Amino acid sequence: MDIVVGALSGMVDALPGKLGELLEQEYALLSGVRGDVVFLQSELSSMRAAIRHCENLDHPDAQTGAWVGRVRELAYDIEDWVDLFGIRVDGGAGPGAAGAPASTLSRFFCWIRRGAKKLATMPDRHVIANELKDLKERVVELSEQRRRYACALPVPAASRPVDPRLAALFVDPSSLVGLDGPVEDVSKMVMETGSKTELRIVSIVGMAGAGKTTLANVVYKRLSEKSFDCHAFVSVGQKPESLNKVLSDMLWKLEGKHRGIEDISQLIGQLRDFLEKKKYLIVVDDLWKTEHWSTMKCCWPENSLGSRIITTTRNSALAKECSSGSGKCIYKIDFLSDEDTRSLFLQKAFGNGHACPKHLGDVFGQTVNRCGGLPLAVVNRAGMLAHKQSRDDWERLGLSSLSSAPSDAVKQILNLSYNDLQPQHKPCLLYLSIFAENFEVDTERLMRRWIAEGFIPGARGTSTEVTARSYLIELISKNLVQPLHLNHERFPRTCRVHPVIHDFIVCKSKEENFATLVDAQQQYVPNNNSTIRRLSLKNSSKQAEPAVRNEHMDLSHARSITVIGNASATPLLTDLKVVRVLDLEGCDGPVCLDGLCKLLLLRYLSLGTDINDLPATIGELKWLETLDVKSTKVKELPSSIVKLEKLTYLLAGSAKLPSRIAEMKALQMLSCSANALEQLRELTSVRKLELFCDETEMTGDERRVTFPGDGFKGVKWLCIRGRSPSVTFETGALPDVQVLELRFGEALAKESSSISGIEHLSSLKNVNVEFSKDDAGAMATVEEMRKAVEANHPDVTFMINGKEE
């Protein structure tokens, strides 16, 4: 049984702080309520230690797993209660919303208003008190359960499964597929790069199951037979029982005898003494921790004899730290090609020289595709299907998910990567299960959703957006997320997860009741006994095809709703009471927005293609942080959006902005039509500005976008999109802008574009232009821009279609 704590510990860590903030507010709590809040805060703080203990268990018993599940549901309900508290007491305005009274008379009237509000909300306060009482009883019950479990007899430990990586050390080289090129590349990197005499360290890095150990072992056997005086291959692992044992094994393999030394400093000394005058080759397989490497590298004397170290790891940052030459000696192992994937699958499933039977042709192709070129997945699935000729067996085993095969070696290997993540990173990874397999997720969209869900803590001096970026970088570094379409900062604009990783996190989401995933084929059916916290409904966009059915689901506890495809699956908004994220961006068809403005906890709202109007009362969504209507048919935003004091990201598309847009002081990112430029010059809070130039709606001088010498003083990133945009920057324009992006769409033959005044952008650091190389007009404009940048900003990085010029 795998422990299913995952995202739980991070949430339990945050709850005592949220309860403490509630106690600090000037709310008039009913008698006894404050004491109950203090009790919850204290009990949850002590519960954190138990959660941490559960995380560290390799093989927990069933009782522990059940207790963790109950704590998870309790934590969700407490957080919902806290978030709803202020809304039910004072309408969500929050303490001090009106500012401090300026006079004795105004303080008197304020006291009168508070007293009246207290009387008006008395029924709600009694409901709040009763709910808190129920939560307290659940906490007491769970605490007593924990004490009973602690006193119970220990459950016999389950036998440890055999590590599937061991097979890589004894594989027949003649059976390997797709490794000839990598073996040559790594061998040259080890032997021929740089100086012949210096100690060189080469790191092999890649996703779990990509064949790092196999590759390192083949290279090791190939090179150890050459000009090395001694050699050793050792594996560290995620949780080495003792680094002493690893070093002791290394010394034994080098010397051929066991010394029985236990002190780590003595072991390091013995290794250095033995290797001092020898040319050595050592493979350190399966590195996980920086501290392990910091200790092990003390063992290698730099004796100028041309010794070599090879490391393997799943962590790109660790690989860079280990390798020689600031990352020049890193080999990132890629996935198998389609041809090699099919060849390996055929070899393992049917034997050398045998083809796939005709009646299995289509299901064979689907099974191979699900492996995504990952060698471990290919070998595992092919082994399950070896000697099976029944089509039913192939459909049942070949197309099954990891959740249907609990002893699956792939799942076992991926669990190591998942368990290695920090608690705050686990929910961010699981969140990607919400999207379809192989779906390219816009990273900005993903991070805004993380923020809205509360996964990103506020840190002193650090914005939530910066923290969210660091979380995504961590997942990429651990080779759990694939970055796509890098920008000037080498940060991905989109990302996705490998099909095998997606299968794994879908399995984990179900185990942890993190997300409920349903499609029209009912591939993922929700457990009727589980409370739905996040719901992802995946449909075909074709109206004629069957749609997801959700009429029997209780969505009163759902925190996020994502609908992809046919809009008919969209649940009634009146059924959603605590939803924070409503994402209908990938939704086709009409959607009823009745009840939208009653979703008072809503933080993220993205609407799909067939939305024509927003409710006039949308300003009631006091907690809304992201409003995305860029894909809709909305022509004008309601004037009430200026009341959204927390709105940080506004993606308006072609919709007309309200006249009082300058009053929105919290806006940091704005995407809108270039026609609104004059309205925006006083928006000092905006840091990122994206403008769409629609030539069909612009005539004469309007076709030129002019940035005046005053205004836009806070903008650091500017992006202009259009088929043939013409832009002028006047003297003093955009004094803080550091990044300029121009994205030319499909140009009209008779129209031309021009960019003038780049010399006036005094803080410019990066220019990125995207256009079709077949567009001669755009190419001429880009060439003029490049010359202007070189002449006026010689230190600026100029990129064309993502490549530095």
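pLDDT is the predictor's confidence in each residue, on a scale from 0 to 100. It matters here, as this model is predicted. For the protein chain the mean pLDDT is 82. A value of 70 or more is reached by 82% of the residues.

Some stretches fall well below that mark. Across residues 92-102 the pLDDT stays under 50. The model still gives this stretch eleven contacts beyond four places in sequence. Residues 151-159 also have a pLDDT below 50. Here the model shows two contacts beyond near neighbours in sequence. Where pLDDT is low, the predicted coordinates should not be read in detail.

Turn next to a pair of helices. Two packed helices are described by the angle between their axes and the distance between the axes. Helix H12 covers residues 338-350, and helix H14 covers residues 375-385. Their axes come within 8 Å and cross at roughly 35°. The crossing of H12 past H14 is right-handed. Which residues meet there? H12 brings Thr341, Leu344, Phe345, Lys348 and Ala349. H14 answers with Pro375, Val378, Val379, Arg381, Ala382 and Leu385. By class, this contact has eight nonpolar, one polar and two charged residues.

Now to a sheet. Strands of a sheet pair through backbone hydrogen bonds, either parallel or antiparallel. This sheet is open, has three strands and runs in the order S6-S8-S7. Its pairing is antiparallel. Strands S6 (441-442) and S7 (482-486) are the edges, each pairing on one side only. Strand S8 spans residues 492-496. Two bridges join S6 and S8 in the antiparallel sense. Asp442 has Thr494 in S8 as its bridge partner.

Definitions and conventions
Residues numbered from 1 in each chain as written. Predicted model: local features only at pLDDT ≥ 70, side-chain atom pairs only at ≥ 80, totals over all residues. Heavy atoms only, no water. Pairing = 2+ DSSP bridges. Helix = DSSP H or I, 4+ residues; strand = E, 2+ residues; numbered from the N terminus. Axes fitted to C-alpha atoms, helices over the stretch in contact; angles between N-to-C directions. Left-handed = near helix turned anticlockwise from the far one by under 90°. Contact = heavy atoms within 4.5 Å. Nonpolar A, V, L, I, M, F, W, Y, C, P; charged D, E, K, R; others polar.
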